[in-house]
Amino acid sequence: MKKLSTNQGASIYDNQNSRTAGQRGPALLEDYQLIEKLAHFDRERIPERVVHARGAGAHGVFKVTHSLKRFSKAAVFQEGAQTAVFARFSTVIHGQHSPETLRDPRGFAVKFYTEEGNWDFVGNNLPVFFIRDAMKFPDMVHSLKPDPRTNRQDPDRYWDFMTLRPESTNMLTHLFSDEGIPASYRHMRGSSVHAFKLINEFGNTVYAKFRWVPKQEVKNLSMEEAAEIQAENFNHASQDLYESIENGDYPEWDLYVQILDPADMDKFDFDPLDATKDWFEEDIPYQLVGTMTLNRNPENVFAETEQVGFNPGVVVPGIEPSEDKLLQGRLFSYSDTQRYRVGPNYMQLPINCPFAQVNNNQRDGAMTFKQQPGHINYEPNRYADTPKEDGAHTDPMMPVQGMAGRQPIDKPNNFGQAGQVWRRYSKEEQDAVIKNMTADLQGVSEQTVMLAICNFYRADEEFGQRLADSLGKDITPYVEKLKQM
């Protein structure tokens, strides 16, 4: 039998009654057991993530079936490599206990515990994003978050922002398809959204995007199906993931990569590093890398799923961030979030700690418990048994040129790809987009509604006209002008 104890390990013989002066109290300050229990309880929660607060996670393994040695020297991509992983799926905008049936992008993050250190894949289920520059990230999130006065999410706020940032047209076309509400975490795809650089053993560099394709197939919910589920269960996606793993029905995803030669960067009518743009498979083929299987649920959701920290800048030799402007801002923001939420030593927690040995002379700070050994905590030094630079790995040399300043990208092409996505949809998918957008735009200001219609019209004339008709808006006076834009 396990015996109850205090945090110090002392036995507890009575966990029902406080120590008091007489049967009717008052309680005594000397009751350390009571004070410790209440004080710890007061601190059980940490700040939730600003975005991606609601999440579910699981452990598993990634197995390589097709080596990427030609493109990357990373050990995680070599033939036959097997790597332990922890995956976290999430909604983006709403809080920890919000319904999992809301229309929202879904986070798709995977921590690879490789022999060379951790690699964090940090993406979404949708292949593009609302904005292309990290400067707009706080504004975008503020527009999607609840109104600070009413504490309610308001479509008039986020449609106002999105229509005035026309690069969001592509993302909105994806989001208001039924893929904006995945049926479960097991049935959604994943995308890096950003391009990264892969470097091989010879120092050659290519750009790459990563894609996860569920072997369970992609399944989504209609607006009506989501409402029906939410009436009974707002935890349906977390429940589905947990129960499938407990029952031995382990979900699997195939990982694909798309490779773009830097010499081909200017062959497109958009900037390939623009996060609001997709790389279509017929233009840049998918290449299979391997399969991820999730086969173990967390023992403690808080310790693992809640305290896990991801950053797209956490890479290993053979993978580097690209120059994508949105990605560049995320390289700072994501780890800074975890330092604020969990603490400066969040990387010492078991869920975040790499399997590879850590030697960097970083010391102390709140919650330190895995102090690096030795009394020489600086470098360089004359001592032979202290960590030294690893000459086997060097950063690739990258040319940088141009005038420094606040400059937009050369080829924004805000509407072209949104039109292509619309034309790729089946009639049923197009019908769903119009139905979902029409429902969401009810109550939005007239000026914003008309601007939204105009943006989608510029993406595709049929798209804009169908949305206008569904909303009962006459855009005839604007058609000729829109055609000239």
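Is G248 buried, partly exposed or exposed, and what is its relative accessible area? In this predicted model, where local features need pLDDT of at least 70, side-chain atom pairs count only at pLDDT 80 or more and totals for chains, interfaces and linings use all residues, G248 is partly exposed, with a relative accessible area of 41%. Buried here means under 20% relative accessible area, exposed over 50%, and partly exposed in between, for a 1.4 Å probe and protein chains only. Residues are numbered from 1 along each chain as its sequence is written, and side-chain values use heavy atoms, with hydrogens and water left out. G248 is placed in the loop between α6 (236-246) and β8 (252-260), where helices (H or I, at least four residues) and strands (E, at least two) are DSSP runs numbered from the N terminus.

T114, which belongs to strand β3 (residues 106-114), counts as buried because its relative accessibility is 2%. The side chain of T114 reaches the backbone nitrogen of E116 at 3.0 Å, and a polar atom of that side chain lies 2.5 Å from the backbone oxygen of G117. Leaving aside residues up to four places away in sequence, T114 touches V76, T83, W119, V316 and A356, contact being defined as heavy atoms within 4.5 Å.

Helix α10 (residues 427-441) comprises 15 residues and reaches 21 Å from its first C-alpha to its last, close to the 21 Å expected at 1.5 Å a residue, a span calculated as 1.5 Å times one less than the number of residues. Among the buried residues of α10 are V433, I434 and M437, and the elements covering its buried residues include α3 (155-164) and α12 (461-471). Just after α10, G443 takes a positive phi of about 90°.

How values were computed:
Polar contact = N/O pair within 3.5 Å; in protein donor to acceptor, adjacent residues only side chain to side chain.
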